[in-house]
Amino acid sequence: MKEKETEALTKKLIELVERLGDLEIENVEIKAEELTLILQPVIGAMVQAPQLLPKVEEKALETLLKAEFSPPIEAYPGEVVEVRIGATKSDGGSRRKVVKIGGEKTMPFYSFELLNPNRPAFTMDVFDMPITLAKSVMQHFEDVMQDPADWAKKCVEDFGADIVSLNLVSTDPTIKDVSPKDAAKTVEKVLQAVDAPLVIGGSGNKVKDPLMLEAAAEVASGERCVLNSANVDNDYKRIVSAAKRYGHVVVAFTPMDINNQKKLNRLLLDEGLPKEQIIMDPTTAALGYGLDYTISLMERIKLSGLLGDSDLQMPILSPSSNAWGAREAWMKSEEFGPKEYRGPLWETVTAITTMMAGGDLFMLSHPATVRVLKGLVESLYEEVDVEHVYKPSKKIQDWITDIGV
Amino acid sequence: MPEKASLLSIYSYLPQTNCGECGEPNCMVFVSKLLERKANPEDCPPLKKPKYKEQMAKLVELLVPPIREVKIGVGEDVVKIGGKEVMYRHELTYHNPTAIAIDVSDLMDDGKIVERCRAVEAFSLVRIGERLRLNMIAVRCASKDPDRFSYVTSLVARSCKLPLILCSFDPKSLRAALEGGQVANRRPLLYAATEENWREVSELAKQYNCPVAVFALNLGSVKSLTKTLKARGIQDMIIDFGTHTEGGLLKESVNNSVMVRRVAVQRGDKDMGYPIMFIPAMVWMGEEVDPVTTSYKEAYIASLFLNRYADLIITHTMEVWSLLPVITLRQNIYTDPRKPVSVDSGLRTIGSPHEKSPVLLTTNFSLTYYTVANDLESAGIDCYLVVLNTEGLAVEVSVAGGQFHPSDIKDIFSSVNMEEKVKHRKLIIPGLAARLKGDIEDSTNWEVIVGPRDSSQIKGFLSKYWG
Ligand code: B12
Ligand code: SF4
């Protein structure tokens, strides 16, 4: 709450107390945060209004009362910046097209207010070595797992990924300890194999990742890739300077905390990286494993940006493939039914939820999720004429009779 | 804008005598209790006197949530929906989880109807110590025959105790079901009043004191209906503006939901202050629907609307793989975003452990505790489980954030006489707490064995490392 308001309230309270003389106020302990909560627009015990109805003569009501509905439009003082991923020939790269994300002027899919300019985009996970994946994901990639270039191609050509996320896990010292130079060669290979933009990810090793990302940034110079990720635990300065030098975008990763996200963004901005080259990853927890935190985190971040907090006005990355970490997604279980359907659906529901909460770019593993999410986005962006809305071709008002048994 | 509930506005309606009859030292404290929803206006006895009648009414109105709480059904299984006060769950915890109704067609065979009803009622999944259920049955009058509908409704009512939704746009069928089906005393939801049938349907709702859904594709018409029905004395309504599941129309349903909620919560539009319902079962319309892709679609359409203010949904599939993610999402959306759900710390016994049984350690975050306890139980492991108070945080989170205190383990050990319960001195810790191995050894003087990262692997682990 703004200080002025608090002050005004305190003043009113004092006036009230004075008027009432002996009102004992010490017992009311209300801290500032509580006040914000308390003074939310509407609060109430779960009380129901008793008969507070207008006493209208029932007989008089033979016709419907008229009512108008006008869309409650709001204006937001801030907006999310647009981030461009990938560079075409004219921009100095070799990608077929640029994927633009962000640029929101309102909350996700409040299109009665305004259609946000860029659609959510989808990237699929590719690894630079065969790794253990859930069976229902693996079955789609078994033939290409030996070669990240083929794997990437399959994602783009067969499954419609807008972007490829190349995860260079073999660089981990405890896995294969592949050198940054060799990892960069893989990046080059994949850049040649597909014309979609790339997200380049590390192994999560604090020491190795910055070195690897730097080498990758150099070979991919001008392609406007996404470097994943800079965080407070690694040498983010090295990553930022490579991104600036070679023209890439950086993922700012924080584990589940809006204030830490803000701080990290600030650190990157202070290094001279423009907002247009930053994507936030505030952590996506799987459905059933903390997705509740993610929903509120993303909604708060998006709202803060729209309300003018310029340190939080970057697009949001949602690695929804984290859904596969949930045992319900991969575990065999008689009780839960076939995991071949359950797994992708777990990822689909995780992704839909983060999409509604404010995600802009989605990392996915299963082709079914990509297909469903793309279809949904298509629907949510499709123009419809109002006539059609009230007279839809599929008569939804016939559902009572037209659903089978 | 309606008057806002604030310290002062609430205070102004109280007797202001500081008599203490409410059990609070003075009126102001009572105000803060009201605001925290820990008290009701009725808890102030003086306010119930006739001379305060008007003030009481005003106060009650002030405290009513902008989205009316509607009850469907009676008794133990009553379903409460609505009662929402905010647009986003970080503002104030959402109440009253989305009710899930499964449809029953009156064209199904009697046997199948009974079986389906029993299955819906028996459906139960335990997640994080919470029993997750399906809540209602929606009986569809697909036959268009009031007699059949009435017969099937009574069959459904006899087969299960769940609250019912009676679905027909024909008032005759609704009346037949209410009267002939003998379910009026169960307070079913009448679906639905429309611009065509509102007179008859609202009569029924009044006569039998049932909640009623209003259905229209146009929000102006929806508002006309709620306004009219309210003027006719009906309070318990639910709004259905159509669940589009295809093409660009889907966007309209999403938009409508946001707009309806926003005018009610932020702009005080009382005519739109009712719970919202969606019907993902819509995806099953038509002749040839593939059961797998349609169950898949139904689940993600339901999830989409769960994320956009659905207070009630009607679905069709009974496939657990399709219902599980929806029910899990509902549980996620309706947890309190401000405090982790936790269990008591201390020692638990799983199965019947003896002096040679393993001793395992976990944290008191509900999700962690129940996952581990279930894994141990379903694997039939007899053991001791030490539950550490990590302020309700998961293993890795508490290790990273410093709420995982090795010294607390020692305290638990001594308070429960652990050294007498088992002969050995070996403690198995979660794989994700590996880096605290040394610290735990130092503080307990027990040998610490680092277990697997996922508790589902404990069984295999024990058979290898525990004789
Ligand atoms: C949800 C979440 C949060 C929530 C916390 C929810 C809660 N109540 O715990 C919030 C938002 C508060 C949070 C905060 C932070 N988080 Co956090 N969080 C997560 C997240 C997404 C899921 C954690 C979870 O719920 N797991 C599910 C439970 C059931 O798992 P579990 O307790 O580990 O139990 C399993 C196993 O350990 C094992 N097990 C359990 N007991 C036992 C016992 C035995 C004997 C055995 C053998 C096995 C076993 O089986 C269980 C079932 O599989 C993870 C990332 C991820 N996807 O894992 C990050 C994560 C754990 N968080 C992380 C961090 C860094 C933090 C913060 C420190 C960051 C910050 N913001 O400052 C804070 C710390 C806050 C604090 N402690 O004060 C990091 C940890 C990195 C590290 N290794 O150190 C992670 C891994 C994210 C990341 N990739 O960086 N977090
Ligand atoms: S009972 Fe009513 S009047 Fe008396 S102190 Fe409590 S709130 Fe005030």
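This is a predicted model: local features need pLDDT of at least 70, side-chain atom pairs count only at pLDDT 80 or more; totals for chains, interfaces and linings use all residues.
I took a pocket as an open set of points on a 1 Å grid over the protein atoms alone, where a 1.4 Å probe fits, with protein on both sides within 12 Å along at least five of seven lines; lining residues have an atom within 4 Å of a point. Residues are numbered from 1 along each chain as its sequence is written, chains are lettered from A in the order written, and side-chain values use heavy atoms.

I checked the lining next. It has 27 residues, and A:Arg327, A:Met331, A:Phe336, B:Asn374 and B:Asp375 are the closest to the centre. Helix 12 of chain B gives the largest share, six residues. By class I noted 13 nonpolar, seven polar and seven charged. Here Ala, Val, Leu, Ile, Met, Phe, Trp, Tyr, Cys and Pro count as nonpolar, Asp, Glu, Lys and Arg as charged, and the others as polar.

Then I turned to helix 5 (residues 146-159) and helix 6 (residues 171-179) of chain B, which pack at about 35 degrees with axes 8 Å apart. Helices are DSSP runs (H or I, at least four residues). Axes are lines fitted to C-alpha atoms over the stretch in contact, with angles from 0 to 180 degrees between N-to-C directions.

Last, I read the confidence: chain B averages a pLDDT (scale 0 to 100) of 93.

Methods: Helices (H or I, at least four residues) and strands (E, at least two) are DSSP runs, numbered from the N terminus. pLDDT is the predictor's confidence in each residue, from 0 to 100.
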